[in-house]
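Please read it alongside the sequence and the structure.

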Amino acid sequence: MASPFAKRKITTVLCIDGGGIRGIIPSTLLAFLETKLQELDGPNARIADYFDLIAGTSTGGLIATMLTTPNQQNRPSFAAKDISNFYLEHSPKIFPQHSRFNFLASMGNSIKAAFSGPKYDGKYLRSLTNQLLQDTTLKQTLTNVLIPAFDIKLLQPVIFSTNNAKSDVAKNARLADVCMSTSAAPTYLPAHYFETKDADGKTRTFDLIDGGVAASNPVRTISSFRLTLLAITQITKDMWKEKSEIVGNEAIDCRRTLLLSLGAGAAKHEEKYNAAAASKWGRIDWLYNGGISGAF
């Protein structure tokens, strides 16, 4: 696990963007980074050993969780390369695809999606996260994590973090529930509901959707670095608290913070049609080319 702030020359933060199946991009980068760290520090080195905070939203939250979930020896249950293999193996079942060339099926799926719930039922992902993470909770992660979601009942962000879970039992959610919540992208996966208990046994309910609604780095512009800003805010609060407890209220040197922010790429925007071709389309052509293919 990462060393306490006071004993380190630098504080390290890892931020991982959302992006669905494109999570294979940051997971591949992390697998490469981990191999290089193992060349320096031995084969048992893991990403969680080198970061004081790992933040992730949507699919990035899933990666952050897998990097920091402990096994029975209190070491990471998953190597970074395991996460890349996870996407390759399970993505086709999490996001089953229908043939674009089956016109009637595509049209039926589009109509169904418009009126009867999300595109994917999320059952496979829910079963998988429960199997992999079991009843591990936030306060058990091997280094601090920060994973945002959005409560549609209260209409406000919910920020799950290891430190909050340690100080408030009602915020000590199961990692499987946190993953399902932060990845519940509207129109793609269903909202996730779960409950926790506070110190007095009172039930707290959560009605959550994708963390990207609360904090993401969707197009990686300065104005969109909400996840990164959340991570910096959290790590600064943690550093201030620890520094105050050890040496008093001295100023924090922000130059001692190193942040690695990994994106999940962006969808490729292809030029598909032109006015000359579209001017010859009939109703069926417009429905298929303009409506159906645009929806997928």
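1. Is Ser58 buried or exposed? The structure is a predicted model, and in it Ser58 has a relative accessible area of 10%. Buried residues are those under 20%, so Ser58 counts as buried.

2. Ser58 lies in the loop that connects strand E2 (53-56) to H2. Neighbours within four places in sequence aside, the residues in contact with Ser58 are Gly18, Thr182, Ser183 and Asp210.

3. Two positions, Ser58 and Asp210, are listed under "active site" in UniProt, in an unreviewed entry. They span 153 residues in sequence, yet their C-alpha atoms are not more than 5.9 Å apart, so they gather at one spot.

4. Asp210 occupies the loop between strand E6 (203-209) and helix H8 (226-247). Asp210 is likewise buried, because its relative accessible area is 10%, under the 20% cut-off. Once residues up to four places away in sequence are excluded, Asp210 touches Thr57, Ser58, Ala149, Phe150, Ser181, Thr182, Ala184, Ala185 and Pro186.

5. How far apart are the end C-alpha atoms of helix H1 (residues 24-41)? The separation is 25 Å. With 18 residues at 1.5 Å a residue, H1 should span 26 Å, so the two values agree.

6. Which residues of H1 are buried? They are Pro26, Ser27, Leu30, Ala31, Glu34 and Leu37. Because these residues cover an arc of only 140° around the axis, they lie on the same side of H1. The exposed residues Phe32 and Glu39 are carried on the face of H1 turned away from its buried side.

7. The cover over the buried residues of H1 includes strand E1 (11-16) and strand E7 (257-262), together with helix H2 (59-68) and helix H3 (80-94). After H1 comes Gly42, with a positive phi near 105°.

8. Helix H3, among the elements covering the buried residues of H1, contains His90. At a relative accessible area of 11%, His90 is buried, since the cut-off for that class is under 20%. Residues up to four places away in sequence not being counted, His90 touches Tyr124 and Leu128.

Methods:
Residues numbered from 1 in each chain as written. Predicted model: local features only at pLDDT ≥ 70, side-chain atom pairs only at ≥ 80, totals over all residues. Heavy atoms only, no water. Helix = DSSP H or I, 4+ residues; strand = E, 2+ residues; numbered from the N terminus. Expected span 1.5 Å × (residues − 1). Buried < 20%, exposed > 50% of the residue type's maximum accessible area, 1.4 Å probe, protein only. Arc of directions from axis to C-beta. Contact = heavy atoms within 4.5 Å. UniProt positions renumbered as here; feature names shortened; annotations may be inferred.
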